[in-house]
Amino acid sequence: HWVYEDTRRDLTEAGEEVEAVIEAALAAVAGTIEPGATTRPVLVANPLPFPRHELVAHDGRLVPVEAPACGWAVVDLDDPPALPAPPVATGDGWMDNGVLRVAWDTDGLLTSVRHLPSGREALAPDRRGNELQVLEDRPANWDAWDIDREAFATARAVLGAEAVEVTEAGPERAVLRVVRTVGRSRIEQEIRLTRGSGRLEVHCEVDWHEDHTLLKVAFPLDVRTPVARHEIQFGHVERPTHANTSWDEARFETCAHTWVDLSEPGFGVALLNDSKYGHDVSANVVRLSLLRAPTWPDPVADRGHHTFAYALYPHAGSFADGGVIAEAHAFNSPLWLVPLSAASTGTGPGRASVVTVDDPGVVLAAVKPADDGDGTVLRLHEAFGGRRRVTLTVPGAVRATLVDLLEDPLDASTIPVDDGRLTLEVRPFELVSLRLTGAG
């Protein structure tokens with residue numbers, strides 16, 4: 001327990017330091033920007049390699065903003081960019097944003113999540129989604145580290161609710177609040193559907209005080225596939241949804257980063273998360289492990305207050321066609337808004353990208369100064385599992401060299417750069433590091 005007290009303090013300090021660095025960097029950029037003919041300008045900064053147009057909470061309301069990949073844009077809050085999506089509608093036991101139509105029952109469990117563009121239902125027939133389950137969690141060894149398969153046979157659904165109520169029913173967002181009690185613990189969930197969004201978000205506040213209990217959430221999906229894709233660093237792996245062999249049986253609980261996806265030809269559903277990485281997939285049922293309660297070596301591990309979120313993302317086509325990677329990363333990396341002065345004397349562009357990639361299957365993971373101070377290093381990877389030819393646009397770059405993870409040159413040759421554009425051939429799941437230098 002002492003270790004966790006130290007870790008909490010250290011991570012809090014690290015988080016504050018990182019936020020200060022980000023805020024200082026964005027303030028430096030904002031000080032150079034020409035706000036144009038705006039009355040209430042903000043700088044919208046996007047850290048991801050995908051362009052974004054979405055609603056963001058600002059000054060107590062949701063406002064539509066947009067920004068290019070790995071860059072920024074000036075948005076006038078008095079004349080924001082229109083979001084090309086119908087307003088959210090809400091009724092008795094349902095909500096609809098034109099992309100998803102969601103229904104629930106008196107227990108607050110999801111009875112339907114219909115993907116309107118494809119006409120497909122995400123949930124399995126006569127099954128309910130977002131079902132919380134508790135399992136008796138008493139591993140034979142290594143209490144805080146192991147989950148034994150025998151625990152799965154003890155799963156029981158948490159039914160009934162203290163509250164099931166719509167707390168927000170505006171044109172920009174609908175929110176269903178569900179409160180449940182599990183033993184000595186209280187679980188409050190906000191199920192959110194936002195205008196124009198393809199994901200159904202579940203934001204959780206949990207006061208957890210159980211012992212030897214594993215809390216999971218289950219989604220039975222109307223998808224038939226022999227494999228589930230799990231995101232890992234710089235790619236994904238396919239794992240079976242069956243237990244035909246002893247090896248398959250041994251993989252009853254597996255890890256993933258920000259998403260797990262089940263897809264069949266033409267349609268699929270991804271389960272996204274912002275901080276929970278344990279999953280189990282059996283046939284068409286995906287479960288996410290939320291909390292545990294071991295008693296050794298820390299007798300109060302996991303007890304206390306928790307805040308986390310996950311989301312269901314139905315999509316047309318494969319996980320690649322459906323934009324699962326971009327959606328999961330957007331769920332984890334919110335846009336940053338920095339107020340500008342309409343009287344600013346800056347002359348910099350009101351819209352710019354540090355780097356753009358013309359293929360969503362090649363994901364930019366890092367943009368950083370070279371360790372030796374000579375240029376900028378880009379780190380990117382092929383994410384779909386195929387070969388592809390990709391063009392990067394990097395304003396100001398005149399020379400590009402392939403380097404290894406220590407930023408040493410892989411060979412003496414350079415990649416041609418033509419007016420800030422360069423082209424690469426990448427192999428399946430290849431990790432590429434580039435050193436870029438300018439005219440200086």
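**Notebook: strands, tryptophans, cysteines, salt bridges**

I started at Trp 142, which sits in the loop between β10 (131-136) and β11 (156-157). I'm working from a predicted model here. Is Trp 142 buried or exposed? I get a relative accessible area of 53%, so Trp 142 goes down as exposed, the cut-off being over 50%. I then looked for what goes with it on the surface. Trp 142, Trp 145 and Trp 296 make a nonpolar patch of about 450 Å².

Next, the sheet. I traced five strands in an open sheet, ordered β5-β6-β7-β8-β9, with antiparallel pairing. Which strands stand at the edges? They are β5 (89-91) and β9 (120-121); each has a single partner strand, so one side of each has no neighbour in the sheet. I zoomed in on the β9 end. Strand β8 (residues 110-115) runs antiparallel to β9, and two bridges join them. His 115 has Arg 120 in β9 as its bridge partner.

Cysteines were a quick check. How many disulfides does the structure hold? I found zero. I noted two cysteines anyway: Cys 70 is buried at 11% relative accessible area, while Cys 255 is partly exposed at 48%.

Then I went through the charged pairs. My search of the whole structure turned up 33 salt bridges. I wrote up a few of them.

- Asp 107 and Arg 128 meet through their side chains at 3.2 Å, N to O. Asp 107 is in the loop between β7 (100-104) and β8, and Arg 128 is in the loop between β9 and β10, so this pair ties together parts 21 residues apart in sequence. I have Arg 128 as partly exposed, at 26%.
- Asp 211 and Arg 184 form a salt bridge at 3.4 Å, N to O. I placed Asp 211 in the loop between β15 (200-208) and β16 (213-220), and Arg 184 in the loop between β13 (173-182) and β14 (185-194), so the pair links parts that are 27 residues apart in sequence. Asp 211 is partly exposed at 40% relative accessibility, and Arg 184 is exposed at 56%.
- Glu 136 and Arg 138 also form a salt bridge, at 3.3 Å, N to O. Glu 136 is partly exposed, with a relative accessible area of 45%, whereas Arg 138 is exposed at 53%.

Last item: which residues are linked in a network of salt bridges? I listed Glu 165, Arg 177, Arg 186 and Glu 188.

Terms used: Residues are numbered from 1 along each chain as its sequence is written. This is a predicted model: local features need pLDDT of at least 70, side-chain atom pairs count only at pLDDT 80 or more; totals for chains, interfaces and linings use all residues. Side-chain values use heavy atoms; hydrogens and water are left out. Two strands pair if DSSP finds at least two bridges between them. Helices (H or I, at least four residues) and strands (E, at least two) are DSSP runs, numbered from the N terminus. Patches are made of residues with over 30% relative accessible area and no salt bridge: like charges are joined within 9 Å, nonpolar side chains (Val, Leu, Ile, Met, Phe, Trp, Tyr) within 5 Å. Accessible areas come from the Shrake-Rupley method with a 1.4 Å probe; for residues, only the protein chains shown count as cover. A salt bridge is a side-chain nitrogen of Lys or Arg within 4 Å of a carboxyl oxygen of Asp or Glu. Buried means under 20% relative accessible area, exposed over 50%, partly exposed in between (1.4 Å probe, protein chains only). A disulfide is a pair of cysteine sulfur atoms within 2.5 Å.
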